[in-house]
Amino acid sequence: MGSPEKRKGASEQKTTYKHAHWLDAMRDAIAGLGYAWANERNLRIESILAVLALPVFWWLDLTCNEWLVMIACMGAVFAAELLNSLLEAVVDLVVGAHYDLRAKHIKDMAAGLVVVVCVTVVIIGGLVLFPHLIELIGG
């Protein structure tokens, strides 16, 4: 299991460690995604929008490469949202209940990361989907 290291503030029974088997790491990663799904409203909204977009992509008859681009864009949005959430959680853990302007700036920058990724994805999505939409309306 690797050498356990005590987490600061954790009970004597709780430790962090390197996983002995990749299946254990996968189980914990899935648990982390489940926690994010349960606690992060924006992640749920973005997931629902992604699922709703899939039949539109099918209807527009995207090429294989276009599908790959759109799926990569969805993954980028999810990854950015997870990074934002984990940075906010770490800041909250470090700062605690008191206000700290530096903590606010860190959280604002993390949210800005999500905005940059989402704007980029909208531009890429427009470039991929626009020709299909023009063709569909007879242009």
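Analyst: Helices (H or I, at least four residues) and strands (E, at least two) are runs assigned by DSSP, numbered from the N terminus. The model is predicted, so local features need pLDDT of at least 70 and side-chain atom pairs count only at pLDDT 80 or more, while totals for chains, interfaces and linings use all residues. Residues are numbered from 1 along each chain as its sequence is written, and side-chain values use heavy atoms, with hydrogens and water left out.

User: Which pattern does the protein follow along the sequence?

Analyst: The secondary structure consists of four helices and two strands. Read along the sequence, these elements give the pattern β-β-α-α-α-α.

User: What share of the residues counts as buried?

Analyst: A residue is buried under 20% relative accessible area, exposed over 50%, and partly exposed in between (1.4 Å probe, protein chains only). The protein has 139 residues, and the part that counts as buried is 22%.

User: How are α1 and α2 oriented to each other?

Analyst: Axes are lines fitted to C-alpha atoms, for helices over the stretch in contact, and angles run from 0 to 180 degrees between N-to-C directions. The axes of helix α1 (residues 22–39) and helix α2 (residues 41–59) come within 5 Å and cross at roughly 95°. Angles under 35 degrees count as roughly parallel, over 145 as roughly antiparallel, 65 to 115 as roughly perpendicular and the rest as oblique. The two helices, α1 and α2, are therefore roughly perpendicular.

User: Which residues make the contact between α1 and α2?

Analyst: Contact means heavy atoms within 4.5 Å. From α1 come A36, W37, A38 and N39, and from α2 come R41, L43, R44 and S47.

User: Which residues are linked with R27 in a network of salt bridges?

Analyst: A salt bridge is a side-chain nitrogen of Lys or Arg within 4 Å of a carboxyl oxygen of Asp or Glu. R27 meets D24 at 3.1 Å, N to O, and the closest N and O atoms of R27 and D28 are 3.4 Å apart. Because D24 and R27 are three residues apart in helix α1, about one helical turn separates them. The residues networked with R27 are D24 and D28.

User: Are D100 and R102, which form a salt bridge, buried or exposed?

Analyst: Their closest N and O atoms are 3.0 Å apart. D100 has 16% relative accessibility and so counts as buried. R102 has 61%, so R102 counts as exposed.

User: Which helix gives the most to the nonpolar patch?

Analyst: Patches are made of residues with over 30% relative accessible area and no salt bridge: like charges are joined within 9 Å, nonpolar side chains (Val, Leu, Ile, Met, Phe, Trp, Tyr) within 5 Å. Here L83, L86, L87, V90, L93, V94 and L113 form a nonpolar surface patch with about 620 Å² of accessible area together, by the Shrake-Rupley method with a 1.4 Å probe, where for residues only the protein chains shown count as cover. One member, L83, lies in helix α3 and is partly exposed because its relative accessibility is 34%. With six residues (its span is 64–95), the helix that gives the most is α3.
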